[in-house]
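Hi,

Here's the structure I said I'd pass on. Have a look, and then read on for what turned up.

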Amino acid sequence: MSEPIIRMNNIEKHFGSVIALAGVTVEVFPGECHCLLGDNGAGKSTFIKTMSGVHKPTKGEILFEGKPMEFADPRDAIEAGIATVHQHLAMIPMMSVSRNFFMGNEPLKTRLGIPFFDREYADRVTMEEMRKMGINLRGPDQAVGTLSGGERQTVAIARAVHFGAKVLILDEPTSALGVRQTSNVLATIDKVRKQGVGVVFISHNVRHALAVGDRFTVLNRGKTFGTAKRGEITPEELQDLMAGGQELATLEGSLGGTV
Amino acid sequence: MSAATQGADKDERIKEISRFRQALIRPELGGIVGTVAVFTFFLLTAFDSGMFNAQGVMNWSVVSAQFMIIAVGACLLMIAGEFDLSVGSMIGFAGMMIAIFSVTLAWPVWLAIMITFVLCVFIGAINGFIVIRTGLPSFIVTLAFLFILRGFTIFFPQVLERKTIIGGIKDAAEGDWLAPFFGGKVGGPIFEWMGNVGLIETFSRGTRAGQPVVDGIPMLIVWAIGLVIFGHILLTRTRFGNWIFAAGGDAEAARNSGVPVNRVKVLMFMFTAFCATVFATCQVMEFGSAGADRGLLKEFEAIIAVVIGGALLTGGYGSVIGAALGALIFGVVQQGLFFAGVESSLFRVFLGLILLGAVILNTYIRRLITGER
């Protein structure tokens, strides 16, 4: 395999006396979907916040394209090409899709020395990008509020990729979605991966992870048990690792493997 | 719209929406409907009252233009998610400052106007900074400034001149180069020609016999049209306009996308103050005096015009053209009731009713846009 885009080496993060991360190593390669699994409180959020520049690691190093990196704030990480799509999206419901798509990155054209917002370009690109992602808009002026949750996630993902994200961190993108919408988002992840972007997919749903993941890292109480490739691990094993082993095994029988 | 009709692979789940509903999702709709309704009403009831001859048209145009000037500022600020209740007091304050500088202190009028603009826009910026820094609702912060500015507007002339109206600005402005930009008129020769060929009436007696009854378009109207065009282009055609929508739609989401929300909001407070000062300067130059009670209740009239124009009180949605139409409705009705011989106190009743109607319509439109149920 080629060189990883980002390598988080033995990352530790302490909040006062609490050890949130106790030496986590994760690599993300271009064009792969790396699933980060873990139960609530396992340290997933802390880990991705460290990756996206919100937190500074207490110990360990971040290698971005082979070079050691220190992100002073999220802006640095975004500049470098690490984009995060949050559960609570950076979308404004009353604004049109194209205005949302280019929010903060508006294309300009100059007429009579005055810089104007190039709406034709914005509309065209938005329609193109949305069609690539399989969303048919009524028009670029359709308000984001009329889109479903899954479609909004897709707009946010398409936007991040369009503006040069090399690593895309998706923080539980499917946790609040229905079946149909989830499959849309998973399909989007697949499309983005094929464009050579490294995707970090955070979830506690093993099925969703297995549907698109190339590699799986399970976090448990701030530690990892290593990374497994697709096909090397069964859903049951992943589930057990996330839950920390025993308790779920006893439940499993009565629930009939539905978790 | 064109892309939707040509899209070969259409989504079967997207229902075709009718042209009517599509038209309804324009913020200007309420304003357009209202304007048509108001003009129809007065054409039918007050056509021969003189409301639609040259003088009558000029009469309600000037009143509408006054509303428009402050409505543009209030509109952009409301779309950016904030209110300014100090607009009316700012009008009184700015007028009084010009009077004090030019009459009491005998500065040249151009200097008085410029210093007043700088001062008022600066106060607008203070409004904005307090709102941004404290996170308090702009409603409360600008309510405080409503009283602070009004207080000073009464206090200064009392202390300096022992009266609450300062006159004599017309004499001071004689020959000034900047004053005509606010108090002058344009298009004089055109109106003279129209009078000569009989398109508009001329005075038949007195010192102005032979001159047209309307001798030019006041600069107030020119300012109003200029500000509406500027505001509309700024909002819909520029990067900054997108930021205004974003700041009012969801400040947090806008910040996450790199929009300088604080800067946008402070600039909009400054622009609102600028519009109020334009209003005040035109008024002072026209009347030749400044009074401590000028601009009373103007902040509410501006907000009502903006809401009639389709802007949402919660921010993030609206239109400058709509606000301008709201101001036009306002002016036409206020003057029209006078022409129609209706008791003028009924104007307030009308105002309340149309405000209520507009807000209900806006809430409905908002549901249509965002797909809420």
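Below are some notes on chain A overall, then on a few residues of chain B.

First, the ground rules. This is a predicted model, so local features need pLDDT of at least 70 and side-chain atom pairs count only at pLDDT 80 or more, while totals for chains, interfaces and linings use all residues. Residues are numbered from 1 along each chain as its sequence is written, chains are lettered from A and ligands numbered from 1 in the order in which they are written, and side-chain values use heavy atoms, with hydrogens and water left out.

**Chain A**

Chain A carries nine helices and 12 strands (DSSP runs numbered from the N terminus: H or I of at least four residues for helices, E of at least two for strands). Its C-alpha atoms fill a box of roughly 70 × 45 × 35 Å along the principal axes.

Looking at contacts (heavy atoms within 4.5 Å) between residues at least 6 apart in sequence, 64% join residues at least 24 apart.

**Cysteines in chain B**

How many disulfides are there over all chains? Zero, from a search of the whole structure (the criterion is a pair of cysteine sulfur atoms within 2.5 Å). The closest cysteine sulfur to that of C120(B) is in C275(B), 12 Å away and so too far for a bond. For C275(B), the closest is in C75(B), at 10 Å, which is also too far. C120(B) is buried at 0% relative accessible area, and C275(B) counts as buried at 0% too.

**V72(B)**

V72(B) sits in helix α4 of chain B, residues 54-79, and is buried at 1% relative accessibility. Leaving aside neighbours within four places in sequence, V72(B) is in contact with L227(B), V228(B), G231(B), F271(B) and V320(B). V72(B) and A327(B) are 255 residues apart in sequence, yet their C-alpha atoms are 9.4 Å apart.

Cheers

Methods:
Buried < 20%, exposed > 50% of the residue type's maximum accessible area, 1.4 Å probe, protein only.
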